[in-house]
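User: I would like to learn how to read helices and their packing. Please take me through a case.

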Amino acid sequence: MRTEDPQIIRLVDYRPPDFLIDRMSLDIKLDLKKTRAISRLSLRPNPAGRADVPLVLDGDELVLLGVKLDGEPLQECYSVTADGFTLAAPPRRNFELEIETELDPSANTKLMGLYRSGSAYCTQCEAEGFRRITYFLDRPDVLSIYTTRIEADRAEAPILLSNGNLVERGDVPQSNRHYAVWHDPFPKPCYLFALVGGDLGSLRDTFTTMSGRKVDLAIYVEHGNERRAAYAMDALKRAMRWDETAYKREYDLDVFNIVAVSDFNMGAMENKGLNIFNDRYVLALPETATDADYAGIERVIAHEYLHNWTGNRITCRDWFQLCLKEGLTVFRDQEFTSDQRSRALQRIADVRTLRAQQFSEDAGPLAHSVRPDTYREINNFYTATVYEKGAELVRMLKVLIGDDAFSRGIQLYFERCDGTAATVEDFLACFEASSGRDLQHFALWYEQAGTPSVTIAASYDQDAKTLSLELSQETPPTPGQPDKKPLVIPLAIGLIGESGTELPLKAEIDAFDGASAAELKRGLIELTSARRHIVFRDLGERVVISALRGFSAPVQLVQSASDEDLSLQCAFDPDPCVRWQAAQTYATRLLVAAARAPASGRNHSGIASFTEALRKAVSAGGDPAFTAQLLTLPSETDIAREIGDNVDPDAIYDGRQRLRADVGRALSTELLRLYRDLASDAPYSPDAASAGRRALRNTALDLLTSADEAAGTPLARAQFDTASNMTDRIAALTVLCLTESAAREDALEEFYKRYAGDALIIDKWLSLQATMPHPGTLDRVRGLMRTEQFSMANPNRVRALIGGFAANQRQFNAPDGSGYDFIGECVLLLDPKNPHVAVRLLSAFRTWRMMEPRRCRLAEAMLRRIQGVASLSPDVRDIVDRSLA
Ligand code: BES
Ligand code: ZN
């Protein structure tokens, strides 16, 4: 990175704002092409800021119409550009600045600031979109009380919404216009501002908080979709109740509104009292949405609601502290889902996501710490590291200090920091206070990037009846951080005897770093230095170590467990994470070997004992959702990351397909029985238990078909025809799409005819075709881009089709470079219109250096071509530069 680059923002340069804006009054007259915004800012010099400096407000693509200072029109003493407003010598007392701007919502293709989605007006301000509505101090540590008056054509926008409570509404005399005034009593940063105007239907409900206040709830959707919002409403009420019982936090306004829009860059946004959602995270009916969609809705609704305390009431001082709200809120939404569904399954799902997204990010050129110390474009830091690893750090903190101290610490945080813009240090200080523990070493997790690997070498001494453990940690270098320090790593462990029973932990710990008996009582070893040696005694039988229980730290575990140990763990370990991990490790060994040396023949005995371990686990019964997880092999990207370099995606794919077929063949009796036994006539319910049974049944169908296409295809075809819900129908179609049968094209065609016109369902159809591993896929995708179902302007369509293709490991990485060229061209096409969407596609290149030399060269050539374009957005420029650095 060029250190003299002036666009680089640094954490060490943080200064408090020179001015504060206590109140903000906004008056917005909505118009398709000429919306007017008059803002009145009640300003005062910040005692903690610098005196006698100009007032510099942020702006972006704004047209200034007029300025008044304390009611007097200003002609000079200020300067203005499209991206800033400067008042050279502002008063040294409280003053009011009135600024009138004009903007064109229908020309806003970036979907940041005020824009149109369908026939509605809506906003997205995080991170720096508010400056596209009016000139302002667009930074999260400037907190203001907002009053917003919205005016619009009555017929065009009968619904007018903003943050807070509705205080007034009425008609504008002698016109066809009306207005509404909203007041939000809670001071907030401008990124939480929102406004909606449009002709929308709504689903309404109420919620009574634990202190007995009644809150009006509404979910606004396109007319006709009201019924489809029922599950989202149910999830909202459950999330509200959960925050009361789990965290003693209740909702604080009289209304909570959610608006679902079809054009949205992200999943959803937590604007105070007015969450705005991508409609895919609101709308669901059994015939339209899958179990995964239902789970996604429940999770995202909860996540945005939970931000009310972690993000809104307590916000971030600056964008470097993003993990303070996002990591913590992801942790909270994971806990919510664990309590609503199955804790074990949730943990496994979260670990899968962490590995797939965050570990890959950490292993590539875009690696950064949970709290970065520099950025060029903040939009590019809403990453798996900030979110998922950020959540892991909170979880690890809880493991280290214990549930009790954690819960007292978080309550202290809510009390102490309420109404402020806080930092990671403020957060940690609360847990230091509640636990009495120095968290300085732990804080290194926020600064140091990279995935630590923890090695456990074990040796059992039969005569001495001891097991000696040699633990060590190492974090590989990441961009800008060549030397890593040891971290505090909590390792939850247990010992399993040969008979499958859990043995007590009795240990002598060597003199270097005396471990406390208290640690072992909790089944926890804290690794705080590069190495640690521990001897367990009184072990009359050979033992298997059950390590990293519950995935107690976001590390890569290196263990020399034998295949037999893995089989044993897979069958007996009391910890579901370890059981699942054992199966994954076993499969990974076989898959890596198959991909590295496809020609050297297959490890038949290894495969046989692996499938035997799975067969035992399946026969043992247990939670179907868990069994489905056991039977799901590591993804192609997981295998690629494990291989690390010289990656050939075709070899990975082939090896994985063959192992899937092996599993399907070896377990065919069990799978067929499961497929028949798990069939159900009961009306669809999205609950976790029913979803788990569907997941296992559909996994069985998938494996059976991999093993025997001729036998599986008719089953899949019949399921496709008779399915009573989208989960089963799309699962059958997915299985058909992996075959080369005529049934595939027929089913795709029928699906299309049935659902054309329902954009969210058509997205499934688009992404299914984009992820087909076959060579014709790119042509198919190009063809689909030309159909009326597709639009480059809609982020959901782009993500489904082009994003689907970018995730297609075989075809994106096609050996002739056609996949790289296609995605690169799409990035260049999208960038001028919507950089956010362009960046998401570009991130498919993040693993390019791992590829074998030929693909590596082709990917690099495309990246260089993008880099050479002069007019790139700062967003794409930042990612492409870092990817090539
Ligand atoms: N605050 C974010 C939305 C956001 C992200 C705004 C990036 C601006 C830039 C919101 O709380 C969020 O995190 N949404 C996630 C879903 C969530 C369940 C992790 C999203 O939109 O993907
Ligand atoms: Zn969030």
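Analyst: Start with burial: buried means under 20% relative accessible area, exposed over 50%, partly exposed in between (1.4 Å probe, protein chains only). Helices (H or I, at least four residues) and strands (E, at least two) are DSSP runs, numbered from the N terminus. This is a predicted model, where local features need pLDDT of at least 70 and side-chain atom pairs count only at pLDDT 80 or more, while totals for chains, interfaces and linings use all residues. Residues are numbered from 1 along each chain, and side-chain values use heavy atoms, without hydrogens and water.

User: Which residues of helix 24 are buried?

Analyst: They are G819, Y820, F822, I823, G824, C826, V827 and L830. Contact means heavy atoms within 4.5 Å. These buried residues pack against several helices, among them helix 21 (777–785) and helix 26 (853–867).

User: How are two packed helices described?

Analyst: By the angle between their axes and the distance between the axes. Axes are lines fitted to C-alpha atoms, for helices over the stretch in contact, and angles run from 0 to 180 degrees between N-to-C directions. The axes of helix 4 (residues 343–362) and helix 5 (residues 384–417) come within 9 Å, crossing at roughly 130 degrees. Helix 4 is therefore oblique to helix 5; under 35 degrees counts as roughly parallel, over 145 as roughly antiparallel, 65 to 115 as roughly perpendicular and the rest as oblique.

User: Is G201 buried or exposed?

Analyst: Buried, because its relative accessibility is 4%. G201 lies in strand 17 (residues 201–208). G201 and E226 are 25 residues apart in sequence, yet 6.4 Å apart in space, C-alpha to C-alpha.

Key. Chains lettered and ligands numbered in written order.
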